[in-house]
Amino acid sequence: MKVALAGAGAFGVKHLEAIAGIDGVEVVSLVGRTLAPTREIAARFGVGHTTTELAESLARPDVDAVILCTPTQIHASQAIACLKAGKHVQVEIPLADSLADAEEVARVHKASGRIAMVGHTRRFNPSHQWVHKRIVAGEIAIQQLDVQTYFFRRRNINALGQPRSWTDHLLWHHAAHTVDLFAYQTGGTIVGANAMQGPLHPELGIAMDMSIQLKSSTGAICTLSLSFNNEGPLGTFFRYICDNGTYIARYDDLVDGKETKIDVSKVDVSMNGIELQDREFFAAIREGREPNASVAQVLPCYRTLDRLERQLAAPT
């Protein structure tokens, strides 16, 4: 299978590293914002073609599928372009930064006959898979999911400390992970959603702190705190409070409520959530089936984000 990857930044490199460990898949085209650094990364990973134009990659007859790791604001338009060009597409989270755009991707996807998946990585991380399998087996049920998503990002930089060409967003990007995960893990629909945000950054124009509450149709609740003002430790930390145990996921580590480590190394073929996500995308293409985290499956998440955005925009 031959793949084009658009977005040669921090997350694009994560996908290139992941794909390097997957048999039968080759990245044949790399799209970047500027040519020189894109060529450097292409040489590092043995990618033969580089360009600054996605359309150039889409015109290649040898490209079967595309992975988009581009700025949030163009995810939807680029996903639609890929589908209309007859390519399978995986869009890094978020699918879009508005419900209207997310629904348009879903509409085009339905008519395309292609695979379209979104990078909701938490569904694939072994720590969260371990919890999910116990829930599906009827061994535990979530009562509350308590999540902290903390970064220190007062300047517009990426995960590698490099200047960004776009502005990140707590709601449409980082909250999307937890909103989708909460519905996925409870097996219910989100029936209640509330949000508050702190002051807007004077230059970036986004809220740097946010608090979100969710309720599932199962009765479970979720409390999510997000910040770009936190000076460490950084990352997202999940506390699953269940009817039969408490579990805390920190990146790929999982412990119980007494901090006893749980071995999740045998949950899947890799400990790399991005690799597992990519493996699911390629497997769904080969098998002609709907992937986990398909556009249709994650669309309810974006309906909840839209609900929260409208609530935050309402006059108080």
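Predicted model: local features only at pLDDT ≥ 70, side-chain atom pairs only at ≥ 80, totals over all residues.
Residues are numbered from 1 along each chain as its sequence is written, and side-chain values use heavy atoms, with hydrogens and water left out.

So, the strands. Strand 9 (residues 209-216) and strand 10 run antiparallel, joined by seven bridges. Strands here are DSSP runs (E, at least two residues), helices are too (H or I, at least four), and both are numbered from the N terminus. Two strands pair if DSSP finds at least two bridges between them.

Zooming out, there's an open sheet of eight strands in the order 8-9-10-7-11-12-13-14, with mixed pairing. Which strands stand at the edges? Strand 8 (190-197) and strand 14 (261-262): each has a single partner strand, so one side of each has no neighbour in the sheet.

Now the aromatics. The whole structure has five aromatic pairs. To pair, rings of Phe, Tyr and Trp (its six-membered ring) need centres within 6.5 Å; planes under 30 degrees apart are stacked, over 60 edge-to-face, and the rest tilted. Phe-151 and Phe-228 have ring centres 6.1 Å apart and planes at 50 degrees, so that pair is tilted. Phe-151 is in the loop between strand 7 (142-150) and helix 7 (170-186), and Phe-228 is in the loop between strand 10 (221-227) and strand 11 (235-242), so the pair ties together parts 77 residues apart in sequence. Phe-151 and Phe-228 are both buried, meaning under 20% relative accessible area, with exposed over 50% and partly exposed in between (1.4 Å probe, protein chains only).

Trp-172 and Tyr-302 are stacked, at 6.4 Å centre to centre and 20 degrees between the planes. Trp-172 is in helix 7 and Tyr-302 in helix 9 (residues 295-313), 130 residues apart. Buried or exposed, Trp-172? Buried, at 2% relative accessible area, and Tyr-302 is buried at 0%.

The Ile-93 to Pro-94 peptide bond is cis, omega near 5 degrees, and another cis bond joins Gly-232 and Pro-233, with omega about -5 degrees. Pro-233 is in the loop between strand 10 and strand 11. Tyr-251 isn't a glycine, yet its phi is positive, near 55 degrees. Tyr-251 counts as exposed, at 52% relative accessibility.
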